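Please keep the sequence and the 3D view at hand while reading.

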Amino acid sequence: HYDPITLAKGAQCLVTGHSGAGKTTLLAALAGLLPVQGAIIIDGQDITRMGERQRDAFRGRCIGIVHQGLHLVKSLTLLENVLLAAYAAGSKGMEKRARDLLAA
């Protein structure tokens with residue numbers, strides 16, 4: 001039995017531990033990429049009760065994943081690579097924001 005972890009909206013949490021402690025597994029579960037026992041409630045929605053498509057759509061709208069290594073599609077420009085996740089999630093009108101982020 002584990003005590004629940006609750007974070008306020010916009011709060012940050014640092015996950016630390018030695019190699020093999022389960023940090024990556026925890027983050028993958030929080031992103032809905034691994035099956036878990038229990039509930040993972042994000043913004044009032046239990047992602048463990050969602051179907052795969054619904055969870056994928058939720059992840060695309062609400063969860064950002066930044067990998068340790070750089071993963072770019074070589075045939076795309078930098079801007080297109082930055083916009084790729086937004087396109088996949090069906091978000092439109094993100095080009096100005098992406099350009100501003102790249103400029104910063």
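Helix H1 contributes the most to the lining of the largest pocket, with seven residues. This is a predicted model, in which local features need pLDDT of at least 70 and side-chain atom pairs count only at pLDDT 80 or more, while totals for chains, interfaces and linings use all residues. Residues are numbered from 1 along each chain as its sequence is written, and side-chain values use heavy atoms, with hydrogens and water left out.

**Terms**
- On a 1 Å grid over the protein atoms alone, a pocket is an open set of points where a 1.4 Å probe fits, with protein on both sides within 12 Å along at least five of seven lines, and its lining residues have an atom within 4 Å of a point.
- Grid points are joined across faces, edges and corners, and a volume is the space filled by probe spheres set on the points.
- Helices (H or I, at least four residues) and strands (E, at least two) are DSSP runs, numbered from the N terminus.

**Largest pocket**
- The largest pocket has a volume of about 1,900 Å³.
- It is lined by 38 residues, of which Leu 26, Leu 27, Leu 30, Ile 40 and Ile 42 are the closest to its centre.
- Helix H1 (23–30) and strand S1 (41–42) are the elements that give two or more residues to this lining.

**Second largest pocket**
- The second largest pocket has a volume of about 1,200 Å³.
- Among its 30 lining residues, Gly 64, Ile 65, Asn 81, Val 82 and Ala 85 are the closest to its centre.
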